[in-house]
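Open the model in your viewer and keep the selection panel at hand.

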Amino acid sequence: MELTLTLPDDWHLHLRDGDLLAAVAPYSARHFGRAIVMPNLRPPITTTAAAIAYRESIMKALPANSDFNPLMTLYLTDNTSPNEIKLAKKSEVVYAVKLYPAGATTNSQDGVTDLFGKCFPVLQEMAEQNMPLLVHGEVTDPDVDIFDREEIFIEKVLRPLIQKLPRLKVVMEHITTADAVKFIESCNDGTIAATVTPQHLVLNRNSLFQGGLQPHNYCLPVLKREIHRQTILSAVTSGSKKYFLGTDSAPHERKTKECSCGCAGIFNSPVALSLYAKVFEEAGALDKLEAFTSFNGPDFYGLPRNTSRIKLTKQPWKVPESISFPAGEIVPMLAGQMLDWNPSF
């Protein structure tokens with residue numbers, strides 16, 4: 001059995017930098033035409049000039065003759081200026097701005113502390129420039145249970161934001177709850193959308209603890225109850241245009257995952273397309289897979305759809321146990337397991 005799709009894009013990707021960038025970039029370039037690249041490096045990508053420089057580093061890390069196109073983003077801070085948004089729009093390199101509430105996830109310590117008090121002029125300029133805001137949708141109040149942070153963020157931040165700025169395009173990244181689905185469904189088409197990761201479609205929070213603590217299944221937002229996974233799965237496979245592919249592939253070296261204070265992030269680029277095909281097939285919705293992987297994202301961003309194609313063959317293959325690079329090794333999602341769908345050109 002074969003399945004041919006318009007070449008997909010990844011609308012939420014971490015490529016890191018240095019040796020790690022060189023190790024992981026080819027996996028995304030193999031299966032995706034474009035990717036929205038996250039800016040949470042150290043130091044973060046807060047200016048258009050830094051985004052252009054980072055893009056040049058990514059291009060150097062790609063395989064020869066690769067057509068992969070990294071779409072850059074800026075890291076929103078309390079000090080970002082409206083003029084920087086104008087520069088970003090003119091650059092034709094920067095396609096979005098990422099909101100990390102300070103302390104929410106990896107390298108988010110420089111993130112926003114007061115969105116409405118310190119960033120509102122920037123958000124207004126983004127609406128004017130049709131520049132999407134990409135949201136890590138969790139509050140960081142230590143008194144809020146980690147499993148409730150997405151729900152509280154929607155009510156305290158996201159809903160008030162779209163009421164104040166209804167023309168601002170917003171992508172709620174890596175949604176993990178039925179609350180997020182309910183919110184997305186309540187919004188107008190074309191203004192609010194969501195990306196969905198493979199891990200939040202195939203894993204629930206039991207996957208963190210079965211057979212002992214599983215650090216390679218730890219990501220942020222953290223995996224949730226099965227009822228949330230089922231709700232997201234139903235929404236994604238329904239054919240709605242409000243959801244599109246965003247892997248949130250986030251590689252870390254093995255030793256920084258398997259330690260006393262392990263990093264959050266799942267490296268899923270080698271398996272993402274296989275897993276999306278698996279869940280759509282199991283839902284009886286393979287006819288809706290191409291829109292999710294290849295149409296909804298570019299349509300939301302106002303970009304042309306890809307014209308090249310990729311083939312997925314129903315042929316079992318084994319996920320590598322690990323991937324070596326000069327500084328160590330990375331453990332991919334579902335390391336050592338067998339998957340059914342094998343992508344190729």
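The count of aromatic pairs comes to nine, where rings of Phe, Tyr and Trp (its six-membered ring) pair if their centres lie within 6.5 Å, with planes under 30 degrees apart called stacked, over 60 edge-to-face and the rest tilted. Select W11 and F244: this pair is edge-to-face, 6.3 Å centre to centre with 75° between the planes. W11 belongs to strand β2 (residues 10–13) and F244 to strand β9 (residues 243–245), so the pair ties together parts 233 residues apart in sequence. Strands are DSSP runs of E of at least two residues, helices runs of H or I of at least four, numbered from the N terminus. W11 and F244 are both buried, that is, under 20% relative accessible area, with exposed over 50% and partly exposed in between (1.4 Å probe, protein chains only).

The model is predicted: local features need pLDDT of at least 70, side-chain atom pairs count only at pLDDT 80 or more, and totals for chains, interfaces and linings use all residues. Residues are numbered from 1 along each chain as its sequence is written, and side-chain values use heavy atoms, leaving out hydrogens and water.

Now show K169, whose charged end sits over the ring of F300, 4.4 Å from its centre; the criterion is NZ of Lys or CZ of Arg within 6 Å of the ring centre and within 35 degrees of the ring normal. Next, K164 lies over the face of F116, 5.5 Å from the ring centre.

Finish at E282 in helix α11 (residues 272–282). At 56% relative accessibility, E282 counts as exposed.
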